[in-house]
Each structure stands twice: as C-alpha cells, then as structure tokens.
Amino acid sequence: MSALIWFRRDLRLDDNPAWANATIDHDAVEGVFVLDERLLAGAGELRRSLLLDNVRALDEQLRALGGRLTIVHGSPEAVIPELSGRHDAVYWNRDYTPFARRRDAAVEEAAHADVECFDGAVVHAPGAVLTGSDTPYRVFTPFYRKWAETPIEPWPAAQAVTVLTSSDTQLPKAGRPIIEGGERGARERLHRFIEVVDDYKTDRNRPDIDGTSRLSADLKFGTISPRRIAEIVGSTTPGRQAFVRQLAWRDFYAQVLFHHPHTVDAPLQEDLASIVWANDDEAVTAWKAGETGYPIVDAGMRQLHTTGWMHNRVRMITASFLVKDLGIDWRVGERHFRRLLIDADVSQNVGNWQWVAGTGADAAPYFRIMNPITQSRRFDPDGEFIRAYVPELASLRAPAIHAPWEQPLEAAAAGVTLGETYPYPIIDHATAREVTLRRFEAARESTRNGKDDGEQAKGTGGSSKA
Ligand SMILES: Cc1cc2nc3c(=O)[nH]c(=O)nc-3n(C[C@H](O)[C@H](O)[C@H](O)COP(=O)(O)OP(=O)(O)OC[C@H]3O[C@@H](n4cnc5c(N)ncnc54)[C@H](O)[C@@H]3O)c2cc1C
C-alpha cells in the first residue's frame with residue numbers, strides 16, 4: 001500500500017497533516033513537488049529563489065529518510081493524475097485561493113486513486129469559524145473571539161515509512177535565497193523572535209526595530225505550521241497574545257477569500273465598485289521605484305525591492321499612499337506586491353490591500369486617510385528606517401528627514417538638493433486627501449442613485465402591473 005503526497009505550500013514534515021496521515025495509512029510514500037510555470041512566472045527573483053531553496057531543504061529531509069523528493073516540471077493537472085496511477089491514494093493540504101481550488105478540483109477529478117485533503121495551512125480552516133447563524137464573518141473582532149475559543153483538533157504524528165521516488169530531476173539553479181529556507185530556517189527565526197515577543201505589542205509598529213517575527217514567508221511556503229507557532233509562542237503575556245491575534249488575521253483573510261472568491265479582483269464592499277481611479281503611469285512608476293519624495297514611502301518601496309519583504313506598518317503607509325494620495329486602483333499595487341513579496345499570498349495581499357483601500361472586510365472607513373508624514377514621525381521617530389533604505393537622506397536628522405521640503409535649509413546643509421539628489425513630493429498630501437474624499441463620496445453617491453433608480457424602476461413595474 002503506497003501513497004503519493006503532493007507538497008505545495010506545506011514544505012515541511014513537522015505538523016503536516018497530509019504527510020502524517022499518509023505515513024499512518026501506508027507503508028510507503030512518495031512525495032512530489034510540481035514546478036508549475038504558471039506560478040513560477042509570476043514570482044519575482046527573490047521569492048523564486050526562496051521557493052526553490054525550501055523545496056531543496058524538503059528534498060534533503062526526505063533523503064535523510066532514505067528516499068528523495070520527486071520533482072517534476074509541468075502542470076499538476078497532468079502530472080498528479082499520472083503519478084497517482086502508481087499509488088492507492090493521493091494526499092495534499094488544501095489551499096484556498098480561487099486558482100488553487102480550480103486546479104485541485106481538476107486534479108481530483110482526473111486522479112486514478114483516492115484523494116485525501118487536509119487543512120494544514122491555517123489554524124482553523126475556512127468554514128470552521130462561523131457566526132451564530134452559520135454565516136462567514138466579515139468583521140474581525142467577533143471572528144477573533146470565536147476563533148480563539150474554537151478548540152484546536154490536534155493532528156496526528158507521522159510514523160516511520162519507506163520513502164519512494166520516481167524521478168531524478170534536479171531543481172533549476174536559483175540565486176542564493178535572501179533568508180535561510182526550510183524548516184531549519186523557520187525554527188531559527190521563531191527562536192530569535194521568542195526573545196523579543198514580549199515586547200511585540202509595543203514594538204510591532206516600529207519599522208526601525210526588529211520587533212516582528214519575519215515568519216510570513218515561512219507561513220506562505222509552509223516551512224512551519226501556524227499551529228506550531230501558536231503553540232510555541234503561547235499566550236502568557238500581552239505581547240504573545242497580540243502576536244497570536246495576528247495569526248487570526250491570517251485565518252480571517254483566508255476565509256474571506258474562500259467565501260468571496262470574486263474579491264481577488266473586485267471590492268467586497270459593492271457600494272464602492274464604481275470608483276473612478278486616476279490614470280497616472282508616471283506616478284505609479286515613481287511609487288514602484290521609491291521616488292515619490294515622501295521618505296517613508298520611498299524607504300518602504302526600496303525595502304520591498306531589495307529584501308522582498310516590507311514591514312507591516314510601512315505596507316499600510318505605502319499602500320495608502322498609492323490608493324489615497326495618488327488615487328490609483330488598489331489592484332495595481334496588489335499586483336506589484338504579489339510579484340515582489342517573498343511572502344506574497346493572494347488572500348493576505350488582497351485582504352490587506354482592500355482593507356487599506358476601504359473596500360474590503362472590516363476595512364478602515366474610506367475617510368480615514370493615512371498622512372505619510374505624521375506616520376513617519378510616529379513610527380520611525382529618529383528616521384533610522386528611512387536612513388537604512390534612502391541613503392541620499394542619510395545625513396539628515398529627524399525631524400527634517402520625515403519631510404525634507406519643509407526644512408530646505410537643513411536639507412541643504414545635509415547635502416540634500418531637492419529636485420536633484422532627492423525628489424520633491426510628487427503630490428501634496430492635503431490636496432490629494434480632498435480629491436480622494438470626493439472620489440469615494442462620488443462612488444457611494446452613484447451606487448445610491450443606481451439603487452434609487454432601481455427602486456423607482458421596480459415601483460414603476462409594480463404600478464404598471466396594477
Ligand atoms: C498592503 C498589504 C499587503 C500585505 N500582503 C501580505 C502578503 O501578501 N502576505 C502576507 O503574509 N502578509 C501580507 N500582509 C500582512 C503583513 O504585512 C505581513 O504578514 C507581515 O508584515 C509579515 O511580517 P512578520 O511575519 O514579521 O509579521 P508578524 O508581525 O510577526 O506577524 C506574524 C504573522 O501574522 C500574520 N499577520 C501579521 N499581520 C497581518 C495582517 N495585517 N494580515 C494578515 N496576517 C497578518 C502573518 O502571517 C505574519 O507572519 C500585507 C499587509 C498589507 C498592509
């Protein structure tokens with residue numbers, strides 16, 4: 001009796017229900033990873049290198065067990081059914097994006113063996129945390145309350161098993177990953193974080209402090225399970241509780257996308273569907289390049305380029321700047337982040353972009369617009385984060401570093417020539433704010449009018465019938 005285990009975003013052996021159940025139910029297992037060009041082509045260089053390194057690390061773990069990972073180029077819809085014919089069953093952990101669900105349904109349909117699926121990517125699977133009337137939550141706080149009191153059914157432990165393989169394909173060459181991959185890298189990051197987790201509540205918003213776990217790419221590729229993280233971190237201090245709450249946000253967005261798959265491309269809040277976005281390629285180019293003239297925005301965008309990761313507070317500031325200052329459609333920013341982030345995860349990225357845009361689940365109201373200068377002063381008070389990524393401002397002290405154009409003499413004394421060594425702001429925040437408020441109000445007004453027209457049409461229909 002043998003099983004095929006299709007590894008996807010669960011590149012680990014610890015706390016992996018598909019792996020554990022396959023080893024319990026079968027004497028021999030074959031693990032496979034499919035290099036799917038559709039996914040590889042959409043990934044920036046840094047994420048691609050990390051993915052390949054994570055697959056390499058999993059292969060090493062399976063070699064230590066006497067086999068190796070089967071690596072196949074192609075589309076899973078063809079590869080998995082073909083391999084499944086040599087086994088009694090196929091095991092995998094579910095992924096909840098619309099793309100993954102379509103792909104998995106096609107694989108299941110074509111498989112020549114039983115299919116067993118598990119929820120190894122989340123603490124609580126979509127559908128496990130519902131309102132009293134069995135509907136999905138759209139607001140985080142009640143979701144979190146229910147999430148925290150939902151018992152965690154433990155997954156079984158894996159058993160000793162013979163590891164098979166049916167190919168000797170090597171992984172493509174990739175650059176050195178930006179962080180250490182595999183389960184070992186994830187464990188090291190977690191242990192480093194444990195040393196500072198008790199300060200998480202106060203430090204988590206400070207991009208100038210290394211106060212967050214940096215486990216997002218591990219959660220994206222599944223080199224550690226979110227349940228294992230929650231178990232090790234525990235909830236004995238406010239810092240630990242605040243951290244585990246973030247894992248609940250992750251589950252929250254996974255279930256929002258699961259229940260509302262159309263929100264990959266469309267706003268969850270339908271009254272904002274008719275926003276007329278600005279069309280300004282030059283502004284988008286400046287935003288992507290970190291050349292907007294707003295130091296905190298530019299530092300964040302350059303952090304994304306050089307490291308493939310960006311601090312959460314700065315993700316909010318840069319996203320808000322694109323949508324609420326430049327008036328650009330959130331989908332433009334979402335696609336850019338999706339390509340470059342090493343932790344890019346459609347449900348998290350879309351959920352957060354829609355949150356910032358004010359169009360999503362539990363979103364900030366559209367009229368709450370982040371001011372990039374006050375955010376910068378508050379969360380990077382000494383300008384250390386800016387200095388790390390915008391070297392042309394390195395000699396400027398706070399507070400001038402947050403808005404150099406407001407203190408031109410200081411800027412000049414620090415060797416900053418606005419318009420030459422560093423750009424002037426590409427837009428005036430106060431003016432942009434007014435334009436954005438009008439843009440959002442117009443969309444709501446147009447939806448209201450549409451509804452009123454609809455009501456009138458219904459009324460007219462009714463009277464004519466009478
Ligand atoms: C515009 C925007 C886009 C984002 N895109 C992504 C994305 O593609 N992939 C992604 O994993 N996260 C995304 N996030 C959420 C968040 O920024 C990252 O998860 C976090 O910065 C990762 O760093 P960390 O692991 O050190 O986080 P920590 O602060 O250590 O948090 C621990 C874990 O909790 C989860 N988490 C933390 N904050 C959030 C949040 N706001 N929403 C959902 N889960 C959260 C993550 O899994 C994270 O690894 C985005 C946020 C914004 C504002």
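The residues of the shell around the ligand divide into 12 nonpolar, eight polar and seven charged; Ala, Val, Leu, Ile, Met, Phe, Trp, Tyr, Cys and Pro count as nonpolar, Asp, Glu, Lys and Arg as charged, and the others, Gly among them, as polar. The structure is a predicted model, in which local features need pLDDT of at least 70, side-chain atom pairs count only at pLDDT 80 or more, and totals for chains, interfaces and linings use all residues. Residues are numbered from 1 along each chain as its sequence is written.

**Figure 1. The shell around the ligand.** The ligand is surrounded by 27 residues, of which Thr212, Ser213, Gln246, Asn349 and Asn352 are the closest; a residue is near a molecule or strand if its C-beta atom, placed from the backbone, lies within 6 Å of it. Two or more residues of the shell come from each of helix 9 (216-221), helix 11, helix 14 (312-325) and helix 16. Helices (H or I, at least four residues) and strands (E, at least two) are DSSP runs, numbered from the N terminus. Domain 2 (122-154 + 183-259) and domain 3 (262-466) each supply at least three residues of the shell.

Figure 2. The protein chain is divided into domain 1 (2-120), domain 2 (122-154 + 183-259) and domain 3 (262-466), with bounds from an automatic or database domain assignment. Between the C-alpha centres of domain 1 and domain 3 the distance is 37 Å. Eight residues from domain 1 and nine residues from domain 3 take part in the contact, where two residues are in contact if their C-beta atoms, placed from the backbone, lie within 7 Å. On the side of domain 1 that touches domain 3, helix 3 (residues 45-64) gives the most, with three residues. That side of domain 1 has four nonpolar, three polar and one charged residues.

**Figure 3. Helix 11 and its surroundings.** Helix 11 (residues 238-259) has 22 residues and reaches 31 Å from its first C-alpha to its last, close to the 32 Å expected at 1.5 Å a residue; the expected span is 1.5 Å times one less than the number of residues. Among the buried residues of helix 11 are Phe243, Leu247, Asp251, Tyr253 and Leu257. A residue is buried if 20 or more other C-beta atoms lie within 10 Å of its own, exposed if 12 or fewer, and partly exposed in between, with C-beta atoms placed from the backbone. The cover over the buried residues of helix 11 includes helix 6 (140-149), helix 8 (200-203), helix 10 (226-233) and helix 16 (346-357). Ala242, also in helix 11, counts as partly exposed because it has 16 C-beta neighbours inside 10 Å. Leaving aside neighbours within four places in sequence, Ala242 is in contact with Tyr200, Lys201 and Arg204. Ala242 and Lys201 are 41 residues apart along the chain, and their C-alpha atoms are separated by 5.9 Å.

**Figure 4. Leu322 in helix 14.** Leu322 lies in helix 14 and is buried, because 27 other C-beta atoms lie within 10 Å. Not counting residues up to four places away in sequence, Leu322 touches Trp287, Ile328 and Gly333. A separation of 9.5 Å lies between the C-alpha atoms of Leu322 and Lys288, which are 34 residues apart along the chain.

**Figure 5. Two aspartates with positive phi.** Asp15, in the loop between strand 1 (2-6) and helix 1 (17-25), has phi near 50°, a positive value in a residue other than glycine. Asp15 counts as buried because it has 22 C-beta neighbours inside 10 Å. Asp134, in the loop between strand 5 (114-118) and helix 6, has a positive phi of about 65° although it is not a glycine.

Figure 6. The peptide bond from Ala398 to Pro399 is cis, with omega near 5°. Pro399 belongs to the loop between helix 18 (384-389) and helix 19 (408-413).

**Figure 7. Confidence along the chain.** The protein chain has a mean pLDDT of 94, and 97% of its residues reach 70 or more; pLDDT is the predictor's confidence in each residue, from 0 to 100. Over residues 457-466 pLDDT stays under 50, and the model has zero contacts beyond four places in sequence for these residues.
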